[in-house]
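Here are my notes for you to read beside the model. Have a look at the structure first, then go through the points in order.

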Amino acid sequence: MPSRDASTDDTPGPRQAPARPELERWDREVVWHAFTQMAEYEPLLIERGQGCRVFDIDGHEYIDAVSSLWCNVHGHRHAHIDAAIVNQLSRVAHTTSLGASNSTTVRLAKRLTEIAPAGLNHVFFSDDGATAVEVALKMAFQYWRQRPDPRPQKTSFLALGEAYHGDTLGGVSVGGVAKFHDLFAPLLFDVKRVPPPRSYRLPHGVTVETALNHYLNQLEAVLAEHHEQLAAMVIEPLVQGAAGMLMHPAGYLRGARELCRRYDVLMIADEVAVGFGRTGRMFACEQEDVSPDLLCLAKGLTGGYLPMAATLATDAIWQAFLGRYDEGRQFFHGHTYGGNPLAAAAALASLDVFESERVLEQLPAKTARLREHLTRLAELPHVGDARQCGLIGAVELVAERESQRPFDWRERRGWQVCQHARRRGVLLRPLGDVVVIMPPLAITLAELDQIAEAVEGGLKFHGSGCR
Ligand SMILES: *Cc1c(COP(=O)(O)O)cnc(C)c1O
């Protein structure tokens, strides 16, 4: 055997692993990060995770208190989910769901219908929260044209102010966060809107006691005026996430469901953020005994492992799409990777873990601990509101508590608090001046204490006028 000389060998060998400064430079100059001002971006290179902790390239340890952007559920490197993916990988990584299927994906669809609110018996898979919403919008639109008593004039949508439903153009159209969405207005379709139902910063003359009626009356007024044109109302149940964790007055979701039924408008529940245990129940809709017509799931679906989304629909909607091929009633929509078997294997394993580790049963102790911490943080001088729904906590910073006057947004107080926490080993991402605490459901009480301590340190330092 002639010895192989590396310098003349033309088979591609493994590339030299780049050194850290090089990786950081590429991360600043080549990778275009989501929702990030790249001119100011400071790299943070996460190398690995274990449980509710992640480790950066230098081995620094952080608690993942933002669940890797609201999607991780059972922690990182969960043995059962890891094994399920490896097992699926030994069979096949991907096959199409356009006109064909895969046994893992079929099993997941069935399992989702078993745990979803009643009546949602059909599952359309896509890849992200935004696509789950696009699918729901288009299904609702097509449904009204094709149902037995067609109502083709129902082409428009109703959404809440400050809503966030993803960044594709349908999702942006029903979205209402000015900072993200206004720029794209010329590209969007028209949407009817009601003010976001909230529990803090109530409108003048509205109290905590009258808030529910106030917001439902506003909703009814819009439905009464426009229901003939409305295909569906889109709603983030209980908590409007990206808006800054705005929390509905109790009863709003159920009231909205009843109004939608009365005015013959479909309800699309976007549980992309609040689904899979975040609010304390598997789905937020369960908290108010609501079954929507369409349910959008994504983030936590695979336990936060792989991109996958699902849009669940009722029998009535499904039936409106049935017919002979030449009638052209099928749903004209699809994504290449929709229903990906690796992701489906992760999702099935995540649902197994919910059962085997009794994840939902463990939550009350954790939400109680979070409540204790938020109650304490609420007393700090620049905290206007500290609100909670299940394992979602939000601390809103204000310049002045009495008047609820916000800080100048350019001061980036929320961001400063999170940077402070990061230096103490806790990863958080704020929404403006709202510091969000949204750890994996697997978080321990001790880890919750550590998160709260880091947030408290940051609030004391950056709330108090220090910059
Ligand atoms: C994150 C989110 C989306 C978008 O999900 P992506 O997977 O980021 O596309 C949609 N709706 C809600 C409520 C979300 O929080």
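1. Let's start with Arg-111, which counts as buried because its relative accessibility is 16%, and the cut-off for buried is under 20%. Keep in mind throughout that this is a predicted model.

2. What does Arg-111 pair with? Arg-111 forms a salt bridge with Asp-352, and the closest N and O atoms are 2.9 Å apart. This pair ties together distant parts of the chain: Arg-111 sits in helix H4 (residues 103-115) and Asp-352 in helix H11 (residues 341-356), 241 residues apart. Asp-352 has 28% relative accessibility, so it counts as partly exposed. As background, side chains of opposite charge can pair when their charged atoms come close.

3. Another salt bridge to look up is the one between the side chains of Arg-77 and Asp-82, at 2.7 Å from N to O. Are its two ends buried or exposed? Arg-77 is exposed, because its relative accessibility is 51%. Asp-82, at 15% relative accessibility, is buried.

4. Glu-396 and Arg-387 also meet through their side chains in a salt bridge, with 2.9 Å between N and O. Glu-396 has a relative accessibility of 9% and so counts as buried. Arg-387 is buried as well, with a relative accessible area of 6%. The pair belongs to a network in which salt bridges with shared partners join Arg-201, Asp-385, Arg-387 and Glu-396. If you want the total, the count comes to 27 salt bridges.

5. Now to the ligand. Which residues are around it? The list is Trp-70, Asp-128, Gly-129, Ala-130, Tyr-164, His-165, Gly-166, Glu-236, Asp-270, Val-272, Ala-273 and Lys-299. Sorted by class, this shell has 5 nonpolar, 3 polar and 4 charged residues.

6. Some ligand distances are worth checking on screen. A nitrogen atom of the ligand lies 2.7 Å from a polar side-chain atom of Asp-270. On the oxygen side, an N or O atom in the side chain of Lys-299 is 2.7 Å from a ligand oxygen, and a backbone N or O atom of Gly-129 lies 2.8 Å from an oxygen atom of the ligand. The ligand on its own exposes 380 Å², and the protein buries 83% of that.

7. Leu-363 is found in helix H12 (residues 359-377). With a relative accessibility of 3%, Leu-363 counts as buried. What does Leu-363 touch, leaving aside its neighbours within four places in sequence? Its contacts are Gly-277, Gly-280, Leu-391 and Leu-441.

8. Last, a couple of backbone angles. Most residues other than glycine have a negative phi. Asp-264 is not a glycine, yet its phi is positive, at about 55°. You'll find Asp-264 in the loop between helix H9 (252-262) and strand S10 (266-270), and Asp-264 is partly exposed, with a relative accessible area of 33%.

9. Gln-404 also has a positive phi, near 60°, in a residue other than glycine. Where is Gln-404? Look in the loop between strand S14 (392-397) and helix H13 (413-423). At 26% relative accessibility, Gln-404 counts as partly exposed.

Technical notes:
Residues are numbered from 1 along each chain as its sequence is written. This is a predicted model: local features need pLDDT of at least 70, side-chain atom pairs count only at pLDDT 80 or more; totals for chains, interfaces and linings use all residues. Side-chain values use heavy atoms; hydrogens and water are left out. A residue is near a molecule or strand if one of its heavy atoms lies within 4 Å of it. A polar contact is a pair of N or O atoms within 3.5 Å; within protein, one must be able to donate a hydrogen and the other to accept it, and residues adjacent in sequence count only if both atoms are side-chain atoms. Accessible areas come from the Shrake-Rupley method with a 1.4 Å probe; for residues, only the protein chains shown count as cover. Ala, Val, Leu, Ile, Met, Phe, Trp, Tyr, Cys and Pro count as nonpolar, Asp, Glu, Lys and Arg as charged, and the others, Gly among them, as polar. Helices (H or I, at least four residues) and strands (E, at least two) are DSSP runs, numbered from the N terminus. Buried means under 20% relative accessible area, exposed over 50%, partly exposed in between (1.4 Å probe, protein chains only). Contact means heavy atoms within 4.5 Å. A salt bridge is a side-chain nitrogen of Lys or Arg within 4 Å of a carboxyl oxygen of Asp or Glu.
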